[in-house]
Amino acid sequence: MKGVRLTWPRVVVALAVLIAAAAALVAWINVRGEDALTGSADSFVATPELVARGAYLARAGNCAACHTDRGGAAFAGGKGIATPFGTVFASNLTPDAKTGIGAWSAAQFWRALHNGRSADGRLLYPAFPYPNFTEITRADADALFAFLRSQVPVAQANRVHALRFPYDLQASLAVWRALFFSPGVYEPVAGRSPQWNRGAYLVRALGHCAACHSPRNAFGATRDSLELSGGLIPLQNWYAPSLASGAEAGVADWSDVEVAALLKTGFTPRGAALGPMAEVVFRSTQYLDDADVAAMTAFLKSLPQAPARAPAVPAVDKGAFAHGAALYRARCADCHGASGEGGRGAQGVVYVPLAGNRKVLLESPANLIHIVVNGGFPPTTAGNPRPYGMPPFGPSLKDEEIAALATYVRAAWGNAAPPVSALDVLDAR
């Protein structure tokens, strides 16, 4: 039996058919579920109660953090969001008819949250966390829309994203979505309490905590199987620790009061919210009502905790350790104690212990370096209106000195974490 002879025309036709089929599949995947997104602005009524509800939800989702540029009008966009693929600029969410969402319908706004598609049909980049916001209910989307439509219109054109080829192509984004995005509203988990389900909704959907606290693959997509298990925040050199590990940021063994204090005030004797998390507490979680804080607490405490694993710790250079010890005595011991035990200062200020401190012992030293270089400043909140911060040592210490100091803190008093190099400090800076 003779085989089929392949000629170039046949090969070309076969490839064309495969490409067309793949393109059709990608196109179908990108529009699935959109038939349910019908509706018009005529059926939408923005009552005062709906606007107030939307204002609360906008804070729960921390919308202003991205959609308000420094020194700019609230929700007018323009802020650059750095990604490994280039810079995405947040859009104008004010009700200006030409440059904002003034001409949008409530259904189009929900489509943006639920399907990641703009009113004009363009696919949105996932720097806008619609992979998380897809779980927001239609009722909450309408409330958010009502609130945003109540803002002062700002005529500010949206900036063009500065993305590298091929990430700047809608076709590339369509393929990404086909591989890594699936729309779906949050469904309550059977067998769980209404409080737990409310907490899961706040953490997974509105709060989009996984956007920072989950690892990402090479294409920038979060890995669902490792949800909330920790991840590097792109281009910020901060590590968002795992919420499913007691060795990092898990709170399974914390009391409800301690978890609530961290979310509402940004500070507990166990530690403080610093860096990007300080902004989350400042702009968002401090404004949540007690019932929602309790719901988030219930959910976070229920997360299965990964077993602790002892890191392989290389031997610490004796010279670097001694140098770090001298720097610690001169710069840190007055507040954090001679043995890293912490202490209490004037006006009841609590200096957190460094012995056994989870921030200190993270495998990545990035967060500790940031705190030493730039200082540690908890957020100003209603429950902690005058937070006591740690001064920055970046201006007064060289990279080698910061590395020695961090190495000492990570290896003294029973701590066991890998040493820090001057290159680590330079990278974090």
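I count a residue as buried when its relative accessible area is under 20%. The model I am reading is predicted.

**Helix H17**

I looked up H17, residues 399–411, and checked its length. At 1.5 Å a residue, its 13 residues should span 18 Å. The end C-alpha atoms lie 18 Å apart, which agrees.

Next I checked burial. Ten of the 13 residues are buried, so the rest of the structure largely encloses H17. I listed them: Asp399, Ile402, Ala403, Ala404, Leu405, Ala406, Thr407, Tyr408, Val409 and Arg410.

What do the buried residues of H17 pack against? I found four helices there: H13 (318–331), H15 (358–361), H16 (366–374) and H18 (422–428).

I then stepped past the helix end. Trp413 follows H17, and its phi is positive, near 60°.

**The sheet**

I traced an open sheet of three strands. The order is E1-E2-E3, and the pairing is antiparallel. E1 (80–83) and E3 (162–163) are the edge strands, each with a single partner, so one side of each has no neighbour in the sheet.

I followed E1 into E2 (residues 86–89). Four bridges join these two strands in the antiparallel sense.

**A surface patch**

Which residues form the nonpolar patch on the surface? I found Val175, Leu179, Phe180 and Phe219, with about 400 Å² of accessible area together.

I took a further look at Phe180. This residue sits in helix H7, residues 170–180. Is Phe180 buried or partly exposed? Its relative accessibility is 31%, so I count Phe180 as partly exposed.

How values were computed: Residues numbered from 1 in each chain as written. Predicted model: local features only at pLDDT ≥ 70, side-chain atom pairs only at ≥ 80, totals over all residues. Heavy atoms only, no water. Expected span 1.5 Å × (residues − 1). Buried < 20%, exposed > 50% of the residue type's maximum accessible area, 1.4 Å probe, protein only. Contact = heavy atoms within 4.5 Å. Pairing = 2+ DSSP bridges. Patch = residues over 30% accessible without salt bridge, like charges linked within 9 Å, V, L, I, M, F, W, Y side chains within 5 Å. Areas by Shrake-Rupley, 256 points an atom, 1.4 Å probe, with all protein chains shown as cover. Salt bridge = Lys/Arg side-chain N within 4 Å of Asp/Glu carboxyl O.
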